[in-house]
Amino acid sequence: MGRTSVASPICSSIHILSSNCQLLLSRDWRGEVPSECLKRLIQDLANNLENSVSAPIVADSQSDLRLMFVPHNDLIIACVAASSADIGTVFTFLHRLVGIFCAYFESFMEESVRDNFVIIYELLDEVVDNGYPQLTEPAVLGEFIKIRAHRLEAPSLPSAATNTISWRKNGIFYKKNEVFLDVIERCSLLVDGNGKETHSQLTGTLTVRSQLSGLPVCQLSLNERATRKAFDSSPSGHGFLEDMTFHPCVDLATFRMKHLLCFTPPDGKFDLMTYRTLHPAKPLININATMSSTNSSRIEYAVSLSTLFKEQNIASNIQVEIPVSPDTTSPEIQCSCGTVVYDPEKDALLWTLRNIKGKREFKLQAKLCVPSTGIVTQSPGMTPVRVTFEIPYNTASGLQVKYLKVVEKDGYSALPWVRYITRSNGYEFRFRK
Amino acid sequence: MSSHDSRYFSSHKKGEIAEWRQDLKRNDRDLLKTTVKRIIAAMTVGKDVCSLFPDVINCMQTEDIELKKLIYLYSINYARSNPDLAILAVNTFVKDSQDPNPLIRALAVRTMGCIRVDRIVEYLCDPLHLALRDSDPYVRKTAAICVAKLYSINRELVIDRGFLQQLNGLLLDDNPMVMANSIAALVEIQKGSCAQIIDSSLLSRVFTSLEACTEWGKVTILDCLAAYESTSATEAEHILESILPKLQHANYAVVLACIRVILSKLHQVQHLRESLLQRIVPPLITMLNAEPEIQYVALTSISEIMDAFVFPFLHSYKAFFCKYNDPSYVKHEKLNILVKITNENNVGDILLELKEYSGEVDIEFARKAIRSIGICALSVPEYSQGCVSALMCIIDTKVNYAVQEALVVLKDIFRCYPDRYESVISRLCQSLVSLDEPEAKKSFIWILGEYADRIENVIDLLRTFIDGVDDEPVVVQLQLLTSTVKLFLKRPSEESKSLVQQMLMFATHESEHPDLRDRAYVYWRLLSHGGDKVASVVTSHMPAPQCNPSS
Amino acid sequence: MIRFALLFSKQAKIRLSKYYVLTNQKERKRIERDVTSRIIPRANKLCNVVEYRDVKLVYRKYASLYFCLAVDRGANELATLEMIQHYVEILDKYFGNVCELDLVFNFHKAHYVLDEVFIAGHLQETSKKLIARLVGEHDALVERVKLGGPAAEDA
Amino acid sequence: MSTLRLRDLIRKVRECKTAAEERAVIARESSAIRESFRNPDEARFVPRNVAKLMFVHMLGHATHFGQMECVRLTARNGFPEKRIGYLGLMLLLDEDQEVTMLVTNSVKNDLSHKNHYVVGLGLCMLGSICSAEMARDVAGEVEQLMGHGNSYVRKKAALTATRVIKKVPELTEGFVPAAEKLLSDRHHGVLLAACTLATEMCEDDDDVRQRMRAQVPQLCKVLKSLIYAGKSVEHDIAGHADPFLQVAILRLLRVLGRGDADASDAMSDILAQIASNTDGAKNAGNAILYEAVETIIAIEAVGGLRVLAVNILGRFLQNKDNNIRYVALNTLAKVVEVDMQAIQRHRAIIVNCVKDADITIRRSALQLVYGLVNAKNVTTLSHELLEYLEVCDEEFKCELAKKISSLALKFSPSKQWYIDTFIALLIRAGQYIDELECNDFMGLVARTPQLHGYAARSLYRAACDDYAPVRLCAVAVWVCGEYSDAMVHAPSVEDEVLTKVKHNDVTKLMIAILSEEKYLMLRPLVMTALAKIAVREPSEQAVIIPVLAKYETTLELETQKRAHEYKSMFEKMPDLRDMLFEHMPPPEAPKFVAA
């Protein structure tokens with residue numbers, strides 16, 4: 001954070017590499033990266049990956065340049081920049097870049113780079129100029145850089161490319177005007193080997209899908225309890241939303257004054273707001289897992305799952321992932337509810353339960369064989385048991401939408417839809433000691 | 001090797017370049033496009049297709065914008081190696097810079113700026129002047145950046161032709177992207193310095209821009225604000241008031257830039273310090289839910305802030321506990337922070353976590369966790385007992401590297417809290433595994449010397465080391481020398497005397513290491529002439545070391 | 001003697017690997033990465049030997065495939081090059097105009113051939129004709145059993 | 001369960017677009033294979049499953065659970081099962097494992113199988129995985145098989161024997177008679193194998209070598225028949241009759257001729273014929289020539305033959321083919337000791353090769369240059385090498401630095417020159433100079449009182465640079481600490497850059513080094529140096545004692561100990577301190593350095 005007086009271009013060049021560090025595509029804007037330097041950086045990167053030193057920054061030993069990268073599928077998207085370039089901006093930008101490529105190519109992987117190098121060059125040309133990020137809204141880019149368009153006519157520039165409201169184009173029309181709001185909360189939890197909660201957190205997202213004509217303004221009001229903290233500058237404020245971030249379309253001034261979210265939505269789906277709570281709710285599901293081995297080739301697991309939420313609520317799509325040794329054979333499994341399969345891809349037993357009410361408890365027991373001529377790769381029991389689930393019609397935090405209004409100068413009436421759901425996001429339980 | 005190799009596994013066509021050259025000359029639009037694509041593909045995989053330069057440039061005058069873009073891309077790559085031929089392209093560039101389609105005008109200006117051939121620069125000036133005044137903001141924003149490009153190739157030209165004034169004018173442009181790029185260009189022209197872009201009179205204008213600007217532009221403006229030396233506390237407060245909402249921006253880069261502004265102004269607004277610092281914590285903690293690279297950025301920032309202020313983060317210490325699937329660089333950063341944040345209130349929880357990590361498969365990480373336990377013991381004296389017990393548990397596991405790491409750490413605890421934990425020494429001596437790391441050996445040998453009067457078989461233990469002294473690294477030899485001298489002073493006997501002599505002889509006559517020899521000679525002289533003061537110099541208790549968690 | 005033999009593509013995909021000295025899986029991975037990354041970027045005109053640890057990597061490129069033998073420091077590099085050519089010519093004869101795909105789907109057969117050319121890290125036979133005949137007889141033996149009963153190798 | 005065919009698995013893997021997908025496919029298939037192995041009804045699928053595992057292994061995934069199945073396959077009766085079983089063993093197994101015990105049993109059976117192809121499979125496996133224990137168990141069978149009626153078995157047995165004796169050298173003796181016999185075999189493959197085995201046996205065993213020398217005439221006879229006999233299409237390569245066999249015989253001759261004038265004499269005719277008559281237009285011919293040259297150089301050859309060999313190398317050196325140049329450089333390095341003149345003639349070409357685009361060539365050229373250096377040309381050559389050190393690749397620097405360092409030590413014309421060169425090296429490649437070399441250097445300085453001041457001042461100047469490497473600073477700290485008095489007072493020597501240094505400057509440098517994070521490990525060293533300075537110039541105590549006091553509480557043990565001890569010495573024993581830190585007696589000169 002010490003850096004205050006220098007704002008460097010965030011990249012000199014961008015490179016897309018395969019996972020074994022072979023260059024697939026490069027674009028150099030500033031001519032500042034000598035080829036030997038790039039070679040050195042890539043060599044060091046390969047060494048780091050080999051020795052599982054995975055720090056996302058590789059510094060050149062003989063110059064001021066650094067290579068910063070994000071892995072995606074089997075690709076490495078890397079950028080070389082002077083060491084004065086702000087790493088926060090670089091990584092934010094690289095992730096945005098990945099987002100753009102993902103939006104363009106159904107899945108962004110080595111093959112899509114080889115097949116689409118022309119489009120990628122074209123995109124890079126528009127997204128960066130001389131090392132500075134330019135247009136990075138996939139939706140707007142999509143307006144004038146198209147994959148398989150028949151382009152005899154020169155495309156014209158979409159107004160949104162330079163608009164003040166850069167996220168929405170003019171002249172959108174829907175027969176039926178609707179706006180959908182999903183309140184999605186994600187809980188994470190880590191319980192240690194003594195059954196003690198070591199970490200627990202709740203984050204939420206308000207995701208909007210707008211199908212609205214013209215240039216509408218939406219107003220969204222949340223229940224008092226939720227928004228109080230945002231205005232209370234004293235550190236001891238006890239609103240439960242610890243931190244909120246907003247999509248650029250939200251008018252922050254109005255929010256500060258009227259406690260109201262006012263925004264002209266982008267067309268389609270976007271995240272309006274995200275938040276995080278400081279004092280998360282009680283655990284929703286608890287797991288007690290133990291592991292024991294009678295001899296070197298047999299391991300037994302005992303797992304119990306209990307739901308701690310209110311009895312009238314229902315959790316659905318519950319899956320418990322119990323890590324096992326990678327060379328397991330012949331699992332013998334018994335469980336009181338649901339189905340269990342051994343999944344060699346994940347090296348885990350997957351215990352699936354469709355719907356369960358609150359205040360219930362279920363048990364599972366499993367015996368596994370492992371070959372005696374094994375090379376012990378990893379001491380079992382270090383990886384925690386993981387649970388995924390969702391509880392619909394409910395927010396764990398208690399956040400509620402008071403109303404959602406749409407105002408448009410044409411005066412059409414629009415239907416607002418609101419849905420709530422709570423999901424797990426890293427619910428982990430270490431094996432009991 | 002001889003050419004007959006290609007007989008085997010042959011699937012490759014020969015003479016692609018010649019074939020492409022033919023294809024470029026045919027008047028077939030579709031073929032032309034596929035050919036240029038093939039050439040670019042070859043260029044992408046690092047094949048040298050430079051020799052086609054004149055042929056490709058010949059095709060530049062086309063209506064097909066996709067083809068045009070490809071050829072422009074090609075010319076950027078190879079113009080520098082063909083400056084003479086690059087001139088051929090200039091006409092097309094100049095013509096395109098007057099095209100009715102703004103996309104093409106901008107493309108021409110942008111590409112010309114990328115070519116970086118001194119001789120082309122001359123031709124760039126007129127189109128650039130026009131572009132900077134273009135009616136379309138897309139062209140203007142491209143032109144603004146182009147001024148910076150021009151500056152890096154030929155700065156006199158930029159100054160002489162008045163581009164700087166034009167650029168300054170664009171700072172007031174009502175289009176957000178033009179404005180953002182103009183600022184970026186000016187910053188670059190000032191060698192990356194954000195200072196002096198803004199002065200007091202421009203402030204209110206800057207705040208408006210900050211609102212209107214693109215997210216990346218916001219970062220640049222915020223960085224300029226961070227560099228701006230505000231003239232008074234009131235002004236600083238005003239700036240902070242205006243930028244605070246940006247802490248809630250969805251773009252992490254904007255949030256981080258905003259935090260930088262806050263930190264840069266803290267010294268001017270002492271009375272707001274606490275509350276401002278409280279404000280920056282939540283967004284930083286939120287970033288710990290983002291992609292690992294962003295987490296890394298957040299963690300390094302937090303770590304840096306913590307060097308000055310730990311208090312804002314104290315409540316959030318659990319956010320720095322490691323998840324088992326965190327990438328190792330995130331785990332390492334989290335450990336750095338946990339060590340800094342430990343105090344008497346949270347040490348219990350943190351210690352439990354550290355113990356858990358000490359058994360991880362990632363050995364480097366496990367070691368660091370053990371080291372961190374030691375640091376906790378030193379920084380929270382009230383809890384050192386707990387740390388010592390934890391370390392003893394680790395030693396009981398008999399996992400080789402863990403034991404050695406724990407030994408190193410225990411040695412420091414003994415030094416910092418003399419006469420408190422010596423009771424574990426006998427247990428320690430019993431559960432030792434074979435030591436193979438110099439640091440661990442050094443620590444053990446130090447313990448032998450320091451507690452020579454309490455360890456029953458200390459002479460035997462030291463003798464085994466001395467018998468193999470030849471193969472030890474110098475750091476171990478040095479410690480062995482000191483410990484042997486201490487043993488002799490604490491337990492004078494024929495046996496210990498012969499050990500000292502053996503060690504001194506080795507260090508002065510067999511070793512060629514100047515430092516070890518120096519130390520040995522000093523001890524030797526001291527023992528022969530020092531009289532009764534020797535013991536007080538060599539075996540006296542040293543002051544407890546000051547530990548600084550960051551080092 | 002030959003320490004190991006590697007056959008890999010321009011994309012650094014291993015098509016065949018054979019180690020004549022004890023090498024664990026982790027070490028192999030490291031060697032394979034080192035070897036491919038040292039050899040693939042080399043320009044055509046450079047010499048066909050790269051020194052690596054305590055061995056010499058002698059390699060030859062055939063279109064998009066590389067054949068590499070790692071030999072002791074004292075070995076005859078030029079003769080080693082001839083050995084590679086020897087093996088390739090036999091493969092070519094065996095598969096009939098061999099191509100990369102043949103090796104991908106029949107890597108085990110490439111191994112069978114290799115084992116008739118080299119043994120214990122040394123060249124065992126200099127007659128291409130004889131090797132072709134031997135491998136052919138082995139295959140025939142397998143075929144015969146296959147027709148005769150169910151316990152056949154059907155890989 | 002798993003009935004996926006090998007071909008289908010390969011296809012499936014090839015369809016994977018990412019490594020993660022590949023891992024998933026492999027994990028699923030591996031699990032299915034494990035289940036199938038456990039199912040007795042699926043015994044007929046074992047061969048195919050093993051084949052799949054070999055593929056999985058090649059991709060770098062775990063396959064240890066298939067090892068036992070391979071052993072079981074080799075124990076079955078049919079040739080197809082055995083063939084794939086043995087291949088599986090060779091690929092999946094490493095000899096560390098207990099599975100090898102079981103293997104020994106089944107392979108012993110197969111070695112006495114009536115089908116010679118089955119015997120071949122067993123031998124081949126032993127050639128690939130054979131532990132010392134296995135070697136002892138099968139040595140008898142292998143030795144017997146060397147006399148087998150079928151050449152197919154004989155050649156394989158001979159080569160497997162190389163592995164056996166490599167694992168257990170004591171067994172060598174037992175193979176000698178069989179090997180001798182095979183050297184007269186008519187089959188090319190057997191002959192080749194016999195030569196290889198004989199070479200291996202003779203290389204490390206004097207007695208065997210002595211005994212084998214009796215074979216020289218026989219070997220020469222074979223060589224002669226190869227050169228003069230009519231072309232045999234079967235073994236011909238580019239017009240040369242069985243170059244592989246020629247090379248193998250030449251190599252064996254080399255081992256036998258080395259250090260024995262009679263044997264050398266017996267082979268010189270044929271060597272001369274090969275060296276002068278072999279056509280070097282193709283690689284195969286050059287391979288033979290190269291081997292012949294190596295042999296001529298190694299044996300007790302007469303002058304004329306040697307000239308012939310060196311001339312061939314001279315021709316090689318001028319060849320356009322990089323491979324030929326490369327082997328020439330390598331071989332010339334071996335001639336250096338015997339025929340320096342011959343090589344000095346090519347010096348210009350060789351020095352140029354040090355800057356070649358190809359790292360392989362550069363490396364061997366450097367090796368050769370190293371051999372070329374002598375007392376006469378050391379100043380120019382090391383100057384050239386030092387300059388090259390600045391520009392060469394990072395991976396090359398280490399080797400180069402080491403070479404320069406040892407050359408400078410070996411041939412230095414004067415101590416002053418050596419000091420200059422070593423410091424220059426420390427500045428440019430400090431990180432690659434190892435500690436022992438530095439110790440030798442400091443020892444040499446210590447033994448040269450007339451240059452104490454000069455060396456200390458030169459090091460002082462170098463260490464003042466912000467980017468001075470750690471090693472350089474370590475040396476500077478010790479020399480400047482020990483000889484700070486000479487540094488300040490000793491007059492300057494010839495050609496010295498004038499540097500006026502006061503004690504205070506030295507103290508400042510020491511304190512600066514203490515403050516740098518990158519010189520952390522030098523802190524103990526600095527403590528001692530400061531103590532010495534404080535004794536040499538008592539007025540410095542006012543600055544130095546507070547510094548010692550500061551480090552009395554550092555966490556780093558050695559630094560703390562020294563700071564604490566030295567401070568106490570200054571405080572408690574003022575009468576002794578001068579004596580404690582007076583100049584240290586220099587170490588004795590190591591034997592190999594010319595005094």
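The model as a whole scores ipTM 0.80 and pTM 0.83. The structure is a predicted model, in which local features need pLDDT of at least 70 and side-chain atom pairs count only at pLDDT 80 or more, while totals for chains, interfaces and linings use all residues. Residues are numbered from 1 along each chain as its sequence is written, chains are lettered from A and ligands numbered from 1 in the order in which they are written, and side-chain values use heavy atoms, with hydrogens and water left out.

Five residues of chain C and six residues of chain A make up the contact between these chains (heavy atoms within 4.5 Å). About 490 Å² is buried between chain C and chain A, with carbon and sulfur atoms giving 27% of this area; buried area is the accessible area (1.4 Å probe) that two parts lose on being put together, summed over both. C:Gln11, C:Arg30 and C:Arg33 supply 77% of the area that chain C buries against chain A, more than any other three residues. Zero salt bridges are counted between chain C and chain A (a side-chain nitrogen of Lys or Arg within 4 Å of a carboxyl oxygen of Asp or Glu).
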